[in-house]
Amino acid sequence: YSKWQEPFGYQEVCAFRIYDSSGNEIKYIIDNIETDSTIRTAGEQTVRADIYRIRFSAVLGPFGTTSFRIEPQNSPVRYFNKIVDCDGTLSNNKISVRVDHDGSLTITNKITGKVYTGIFGLSDEGEIGDGWNSVRPADDFEITHSRLSDIRISVNNSIYGEIIVERVISVPESMIYSKKGIHRSTVKNDIVCCFKIGLAVDSDKIDVRLTVKNVCRDHRLRLVIPTTINSDTYSANQAFAFNRR
């Protein structure tokens, strides 16, 4: 493979393009390059090689195999479009995702025009149950306010975009059990909720990974996803069944 230098010779990168079985070029990104590695070719035979970890979006054929062709190039291969705007908004031709002032999301379906607001709100309540039963104490209150502490763009290219949204919600550190009853502590601690939100170039859904650094006890933290659906019934997930209520 020919290698090109980007920029000014600080790093050498192999030049190649990827094609599907119909000859259509598939755009890709390079996530990682591990140089001068040892790979096994056959049996115990090994060679030295550079290992490229790449990412691309493609359609896989059902009930069979899907093949792709990698062709070396004699000139640099670059793709310039981006998924994430400078304000942290993710967007493709199907949906857009905007982070609001409190860290929740506004998702717009560009196909239907429908807008969903308040996605991934946070709600926290007291908890005095056990490992099987969730029990909310009579003397309780619900915390729905969280503050946005940071937004970072972690991946941004023509194939995939990802932002990291950090939010903080202040929660009583524990339940207090006394002769006068059960109530939540007046001492609060900050719980950090880190959202990784990703969007692929041709996807109609977002990828979300939530990490919670929990430093409090005796509470139930829930993720709120408003659907704006008006209905007389709903389905509740319980052990061994979905119950309609």
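Partly exposed describes a residue whose relative accessible area lies between the limits for buried, under 20%, and exposed, over 50%. The views below show a predicted model.

**View 1. A nonpolar patch on the surface that includes Leu210.** Leu210 has a relative accessible area of 35%, so this residue is partly exposed. Leu210 belongs to strand S18, residues 207-213. Together with Val212, Leu223 and Ile225, Leu210 forms a nonpolar patch with about 300 Å² of accessible area.

**View 2. The salt bridge between Asp124 and Arg184.** The closest N and O atoms of the two residues are 2.8 Å apart. The pair links distant parts of the chain, with Asp124 in strand S12 (residues 121-126) and Arg184 in strand S16 (residues 181-184), 60 residues apart. Asp124 is buried, at 0% relative accessibility, and Arg184 is buried at 5%.

**View 3. The salt bridge between Arg136 and Glu125.** The N to O distance is 3.2 Å. Because Arg136 lies in the loop between S12 and strand S13 (147-156) and Glu125 in strand S12, the pair ties together parts that are eleven residues apart in sequence. Arg136 is partly exposed, with 41% relative accessibility, whereas Glu125 is buried, with a relative accessible area of 3%.

View 4. The structure holds 16 salt bridges.

Terms used: Residues numbered from 1 in each chain as written. Predicted model: local features only at pLDDT ≥ 70, side-chain atom pairs only at ≥ 80, totals over all residues. Heavy atoms only, no water. Patch = residues over 30% accessible without salt bridge, like charges linked within 9 Å, V, L, I, M, F, W, Y side chains within 5 Å. Areas by Shrake-Rupley, 256 points an atom, 1.4 Å probe, with all protein chains shown as cover. Salt bridge = Lys/Arg side-chain N within 4 Å of Asp/Glu carboxyl O. Helix = DSSP H or I, 4+ residues; strand = E, 2+ residues; numbered from the N terminus. Buried < 20%, exposed > 50% of the residue type's maximum accessible area, 1.4 Å probe, protein only.
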